[in-house]
Amino acid sequence: PAGTFGNESGIRREEDCTSCLPGMYCDGSGLPRPRGSCDPGYYCIEGSNTSAPNAPGAYRVPESVGGVCPAGGYCPLGSSYPSACPSGTFGNTTGLT
């Protein structure tokens with residue numbers, strides 16, 4: 001199912017699928033590996049099913065799969081968690097890369 005992949009043949013049960021890796025997304029069924037990296041400006045934690053969790057105007061997904069990079073942080077391509085802005089700087093908008 002979405003949010004997982006299976007890199008072994010002969011998988012018979014949903015429980016045998018692997019949760020998508022942090023910083024990656026798995027947006028479909030039957031994937032042998034994650035589809036790709038989380039988009040810049042977003043972070044994807046384990047089990048993400050979209051490259052841009054909770055993008056403005058998009059279908060809302062649970063915070064448990066990631067989200068828009070918050071103010072005070074930045075998220076380059078493939079982020080699994082927001083990084084804090086360097087000492088002496090501050091990003092006052094969301095979605096910084």
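**Contacts, disulfides and burial in a predicted all-strand chain**

Beyond the residues up to four places away in sequence, T4 touches C17, T18, S19, C20, C26, G28 and L31, where a contact means heavy atoms within 4.5 Å. The structure is a predicted model, in which local features need pLDDT of at least 70 and side-chain atom pairs count only at pLDDT 80 or more, while totals for chains, interfaces and linings use all residues. Residues are numbered from 1 along each chain as its sequence is written, and side-chain values use heavy atoms, with hydrogens and water left out.

T4 itself belongs to strand β1, which covers residues 4-5. Its relative accessibility is 15%, so T4 counts as buried; buried denotes under 20% relative accessible area, exposed over 50%, and partly exposed the range in between, with a 1.4 Å probe and protein chains only. The side chain of T4 also reaches the backbone oxygen of P1 at 2.6 Å. This is a polar contact, that is, a pair of N or O atoms within 3.5 Å; within protein, one atom must be able to donate a hydrogen and the other to accept it, and residues adjacent in sequence count only if both atoms are side-chain atoms.

The protein chain contains eight strands and zero helices. The order of elements from the N terminus is β-β-β-β-β-β-β-β. Along the principal axes, the C-alpha trace spans about 55 × 25 × 15 Å. Of the 97 residues in the protein chain, 34% are buried. Among contacts with a separation of 6 or more, 39% are accounted for by residues 24 or more positions apart.

The accessible surface of the protein chain is about 5,800 Å², and carbon and sulfur atoms hold 50% of it; these areas come from the Shrake-Rupley method with a 1.4 Å probe, and for residues only the protein chains shown count as cover. The chain carries 5 positive and 8 negative side chains, and the centres of the two sets are 5 Å apart. Lys and Arg are taken as positive and Asp and Glu as negative, without His or the chain ends, and each charge is placed at NZ of Lys, CZ of Arg, CG of Asp or CD of Glu.

A search of the whole structure returned three disulfides, a disulfide being a pair of cysteine sulfur atoms within 2.5 Å. C20 is joined to C26 with an S to S distance of 2.2 Å, and this link is right-handed, with 80 degrees about the S-S bond. C20 and C26 are both buried, and both are among the residues that T4 touches. C38 is joined to C44 at an S to S distance of 2.3 Å; the link of C38 and C44 is right-handed, with 75 degrees about the S-S bond, and both cysteines are buried. The disulfide between C69 and C75 has an S to S distance of 2.2 Å. The torsion about the S-S bond of C69 and C75 is about 80 degrees, so this disulfide is right-handed. C69 and C75 are likewise buried.

Counting bonded cysteines along the chain, the pairing pattern is 1-2, 3-4, 5-6. The sulfur of C17 is too far from other cysteine sulfurs for a bond, because the closest, in C26, is 10.0 Å away. C85 is also in no disulfide, the nearest cysteine sulfur being that of C69 at 7.9 Å. C17 is partly exposed, with a relative accessible area of 23%, whereas C85 is buried at 19%.

P22 lies in the loop between β2 (18-19) and β3 (24-25) and is partly exposed, at 47% relative accessibility. Leaving aside neighbours within four places in sequence, P22 is in contact with C44, I45, E46 and S80. The C-alpha atoms of P22 and G41, which are 19 residues apart along the chain, are separated by 15 Å. S79 is located in the loop between β7 (73-74) and β8 (83-84) and is buried, with a relative accessible area of 6%. Not counting residues up to four places away in sequence, S79 touches G23, C38, Y42, Y43 and C44. The S79 side chain reaches the backbone oxygen of P76 at 2.7 Å.

Notes: Helix = DSSP H or I, 4+ residues; strand = E, 2+ residues; numbered from the N terminus.
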